[in-house]
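This briefing covers a single protein chain.

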Amino acid sequence: LALDANLLTKILHRTPPPDLDPLRRVLGWKELAQIAGQERRGLERRAGKPVFIIGEHYGFPSEITCYLPEAKSRVGGEPLVFCYASREPRNQFYFWPDYLGRTGQDAIFVREVERPKLRPGWISAWWNHSNGLYLPDPLATPALPPELLGQFEAITDLGVKDVIYPNKGVLRRAQFFACHNLRSATDRPK
């Protein structure tokens, strides 16, 4: 099972819903990194200045750095991907260099959002290759971290993107934000 991501599909002659796929947590990171890279390059073209990436959860910077070629090539120098900077330690990235010295630069902020839940009785619909496996799409997104709001002059919601893995469907959803003009330390709210 660990060596063949499609073994369950081969055995059952059906693709299991992503919620039940035992490999869901390890798949789709390359696809997420590609989307994050596209969003970053698009903002960089529009803004005409350097753009870096911020992940809300500590796993995002690690995975995006691993799978995004331009981020991977900068590991030994100036990083391209960061975990969002907070006032108190939330994870090990608190102790690493952060992006707060990049005054005036823009960023792409990325976070995972909830996917639709399987509806009661989904097994019958799944077995019969029917639609209707999921409850209505929640797309309720939590508020942005207050610290992030204070770090940038403006933040624009770029929308939610589905992270699709071949032959598996939507493994996760990510919401992207364009963060404009990182404020200097003296201009940030205390």
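Helices (H or I, at least four residues) and strands (E, at least two) are DSSP runs, numbered from the N terminus. From the N terminus on, the elements of the protein chain follow the order α-α-β-α-α-β-β-α-α-β-β, which comprises six helices and five strands. The model is predicted: local features need pLDDT of at least 70, side-chain atom pairs count only at pLDDT 80 or more, and totals for chains, interfaces and linings use all residues. Residues are numbered from 1 along each chain as its sequence is written, and side-chain values use heavy atoms, with hydrogens and water left out.

**Overall extent**
- The C-alpha trace of the protein chain spans about 60 × 35 × 35 Å along its principal axes.

**Helices α2 and α3**
- Helix α2 (residues 29-47) packs against helix α3 (residues 59-67) at an angle of about 85°, and their axes are 8 Å apart.
- Axes are lines fitted to C-alpha atoms, for helices over the stretch in contact, and angles run from 0 to 180 degrees between N-to-C directions.
- α2 and α3 are therefore roughly perpendicular to each other (65 to 115 degrees).
- Trp-29, Lys-30, Leu-32, Ala-33 and Ala-36 of α2 make the contact with Phe-60, Glu-63, Ile-64 and Tyr-67 of α3 (heavy atoms within 4.5 Å).
- By class, this contact of α2 with α3 has seven nonpolar, no polar and two charged residues.
- Ala, Val, Leu, Ile, Met, Phe, Trp, Tyr, Cys and Pro count as nonpolar, Asp, Glu, Lys and Arg as charged, and the others, Gly among them, as polar.

**Aromatic pairs**
- The whole structure holds seven aromatic pairs (rings of Phe, Tyr and Trp, the last by its six-membered ring, with centres within 6.5 Å).
- Tyr-99 and Phe-152 form a stacked pair, 6.5 Å centre to centre with 25° between the planes (stacked means planes under 30 degrees apart).
- Tyr-99 lies in the loop between β2 (81-83) and β3 (106-113) and Phe-152 in strand β4 (residues 152-165), so the pair ties together parts that are 53 residues apart in sequence.

Key. Angles under 35 degrees count as roughly parallel, over 145 as roughly antiparallel, 65 to 115 as roughly perpendicular and the rest as oblique. Rings of Phe, Tyr and Trp (its six-membered ring) pair if their centres lie within 6.5 Å; planes under 30 degrees apart count as stacked, over 60 as edge-to-face and the rest as tilted.
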